Amino acid sequence: MSTDPAPVPPSLEVSGLAYAYPDGHQALFGVDLTVGRGERVALLGPNGAGKTTLVLHLNGILEAGAGSVRVAGMPVDKRNMAEIRRRVGIVFQDPDDQLFMPTVREDVAFGPAAGGLRGAELEERVMEALKQVGMEEYAARPPHHLSFGQRRRVAVATVLAMRPEILVLDEPSSNLDPASRRELADILRSLDVTVLMVTHDLPYALELCGRAVILSEGVIAADDRTQDLLCDEPLMRAHRLELPFGFDPRSVTVNSG
Ligand SMILES: Nc1ncnc2c1ncn2[C@@H]1O[C@H](COP(=O)(O)OP(=O)(O)OP(=O)(O)O)[C@@H](O)[C@H]1O
Ligand SMILES: [Mg+2]
């Protein structure tokens, strides 16, 4: 008898995923993407490429028109939805889509409470997540009184509090000040989770993700080491990806795990 442990299924397996919005606009045309346990992958691509549409399939907010999505080996369908939502933590592009309770504390407690945490254990989980994003002093404040960057950080805390298997972040660094941007990078590096990060912030992708994929016109157009992708000028140009002024991806020593 073999004593090898059972193979760990990938955190994410997207296969042949196609989707058209109800108005008939087709956004995804057959996306294939596998993300192994513990990998950090950047999802790059121009405005309108379908990145957010893809993200919304990962926990069943949108239902695949064709193809399939599996999380930790489980198909994303109605039967598994509670478990899928526990395992996939999505930080939405707009924090206002995520924060709806009267206080920051209640927003961060919402997911863990739905999962059965109560009392001191729940409060501990909430404060730990708020502390990770440097927002513990804001626990009693209404989210709608916070600045955009502060709301983004609280939105990250709502997801961290769930301790998901895969963390999906849709443009996490947009509107963050440089210190908050770096602090979020430190958090992401310190966590033992799979990360799929949508971003237009290419240096951030390089710093955090060893691997990157380019989504373009609803298909995966490239999948490679982030540094190799960013150094491929014709590829970058073909997909409207531009590095910030003066940034040379070759000059960076990468240690992105
Ligand atoms: N609710 C909707 N109904 C119809 N079409 C939509 C809807 N939401 C998005 N689209 C279209 O689907 C395509 C993909 O949009 P999506 O938001 O996924 O792009 P994105 O890659 O996230 O872009 P960005 O970088 O601007 O966030 C776009 O052409 C968009 O106009
Ligand atoms: Mg988007």
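This is a predicted model: local features need pLDDT of at least 70, side-chain atom pairs count only at pLDDT 80 or more; totals for chains, interfaces and linings use all residues.

Residues are numbered from 1 along each chain as its sequence is written, chains are lettered from A and ligands numbered from 1 in the order in which they are written, and side-chain values use heavy atoms, with hydrogens and water left out.

**An enclosed strand**

Let us start with strand E8, residues 194–198. Helices (H or I, at least four residues) and strands (E, at least two) are DSSP runs, numbered from the N terminus. Five of the five residues of E8 are buried, so the rest of the structure largely encloses this strand. Buried means under 20% relative accessible area, with exposed over 50% and partly exposed in between (1.4 Å probe, protein chains only). In a regular strand, side chains alternate between the two faces of the sheet. Here both faces are covered: Thr194, Leu196 and Val198 are buried on one side, and Val195 and Met197 on the other.

Which strands pair with E8? Strand E3 (residues 40–44) runs parallel to E8 and is joined to it by four bridges, with Ala42 opposite Met197. Strand E7 (residues 166–170) also pairs with E8 in the parallel sense, over five bridges, and Ile166 has Thr194 as its bridge partner. Two strands pair if DSSP finds at least two bridges between them.

**The ligand site**

Ligand 1 is surrounded by 15 residues, and the closest are Gly48, Lys51, Thr52, Thr53 and His200. A residue counts as near if one of its heavy atoms lies within 4 Å. Helix H1 (residues 51–55) gives the largest share of this shell, three residues.

| Side chain | Distance to an oxygen atom of ligand 1 |
|---|---|
| His25 | 3.0 Å |
| Asn47 | 2.9 Å |
| Gln93 | 3.0 Å |

Taken alone, ligand 1 exposes 640 Å², and the protein buries 66% of that. These areas come from the Shrake-Rupley method with a 1.4 Å probe.

**A hairpin**

Finally, strands E1 and E2 form a hairpin with five residues between them, and Gly24 in the turn has a positive phi of about 100°.

Definitions and conventions:
A polar contact is a pair of N or O atoms within 3.5 Å; within protein, one must be able to donate a hydrogen and the other to accept it, and residues adjacent in sequence count only if both atoms are side-chain atoms.
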